[in-house]
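Please walk through this structure with attention to its ligand and to the aromatic side chains.

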Amino acid sequence: MFDSFLGQLNAGLEARGGIKMPPPEGLDSCRSQKGSSEIFSWLWQVPGFRRWRVSRMDAGESLQVLNSVAYPDLDNDQPLMGIDLLWFGGRQKLVAVLDFQPLKQDPEYFDRHFLELRRLHEKFPELSGEETMRSFDPNQYFSPYLLFCRGGADEASSSLPVAFQAFLESYWQMTERSQAETSLIAPDEVGKLQIAYDQYSAERDPAHGLFTSHFGKSWSDRFLHEFLFPASI
Ligand code: BLA
């Protein structure tokens, strides 16, 4: 379901000098005991970023996932990039979240970094619904301009592929702009905020139960704290 999306993401990373690195031992992939689901993960070393992770889960008809987070270098206060795409084939249900995840919630920060995402938010109203968040707080590490849709096959096959490509291009454009401008949050503060992002996300991520049911508790605990959010405890 998300293979072409993964291909677009990888092509962008390669074009910008990204190099694939192996995730920690044992966390690069896992297969469920029944053999019906599998997850693969990659770490990328990309100029301008201290960490860029990507995961692809394939549980056939029941669930398809593409998830990725980019952590910029600490001398750049630009937002993290967050991608969470889920397709529940049995129920024909799509959950799609694409955001420039802000380190701060303030107008000055949004003015500096959200030019491109604001435009996309207006361009794709069908993916920019006022969806309610059940586990996360929309005012922490999410922007007002996120693309967030709980939809069906129509959104998955028509708007999402176009929006996804535009989202990636927008993130690269914003990155280029931010790298050319002066970062206004000091590097040690950017570091603290990125660590707080990991801690917050590890506490709230609704995926942990899902991973546990497919891959068992001990693997899922390790995956959460050593790969998805390594600064969390
Ligand atoms: C929701 N994400 C979810 C849900 C699952 C996952 C199972 C609940 C589905 C639902 O609300 O119907 C799955 N999350 C995953 C998986 C991974 C993961 C498989 O981290 C890891 C491989 N989530 C992110 C990122 C963003 C994000 C980077 O990991 C930001 C773009 C957002 N996911 C996000 C949001 C929701 C969600 C906003 C809705 C949660 C809510 O309602 O509070």
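How far is an oxygen atom of the ligand from an N or O atom in the side chain of arginine 150? The distance is 2.8 Å, in a model that is predicted, where local features need pLDDT of at least 70, side-chain atom pairs count only at pLDDT 80 or more, and totals for chains, interfaces and linings use all residues. Residues are numbered from 1 along each chain as its sequence is written, and side-chain values use heavy atoms, with hydrogens and water left out.

For arginine 134, a backbone N or O atom lies 2.6 Å from an oxygen atom of the ligand, while a polar side-chain atom of lysine 93 is found 3.5 Å from a ligand oxygen atom. Of the 830 Å² that the ligand exposes when taken alone, the protein buries 95% (accessible areas by the Shrake-Rupley method with a 1.4 Å probe).

The shell around the ligand comprises, by class, 15 nonpolar, six polar and five charged residues (Ala, Val, Leu, Ile, Met, Phe, Trp, Tyr, Cys and Pro count as nonpolar, Asp, Glu, Lys and Arg as charged, and the others, Gly among them, as polar). Elements that each supply at least two residues of this shell include β5 (63-72) and α7 (207-215), helices (H or I, at least four residues) and strands (E, at least two) being DSSP runs numbered from the N terminus.

Turning to the aromatic rings, the count comes to 26 aromatic pairs (rings of Phe, Tyr and Trp, the last by its six-membered ring, with centres within 6.5 Å; planes under 30 degrees apart are stacked, over 60 edge-to-face, the rest tilted). The rings of phenylalanine 49 and tyrosine 171 have centres 6.2 Å apart and planes at 40°, so this pair is tilted.

Key:
A polar contact is a pair of N or O atoms within 3.5 Å; within protein, one must be able to donate a hydrogen and the other to accept it, and residues adjacent in sequence count only if both atoms are side-chain atoms.
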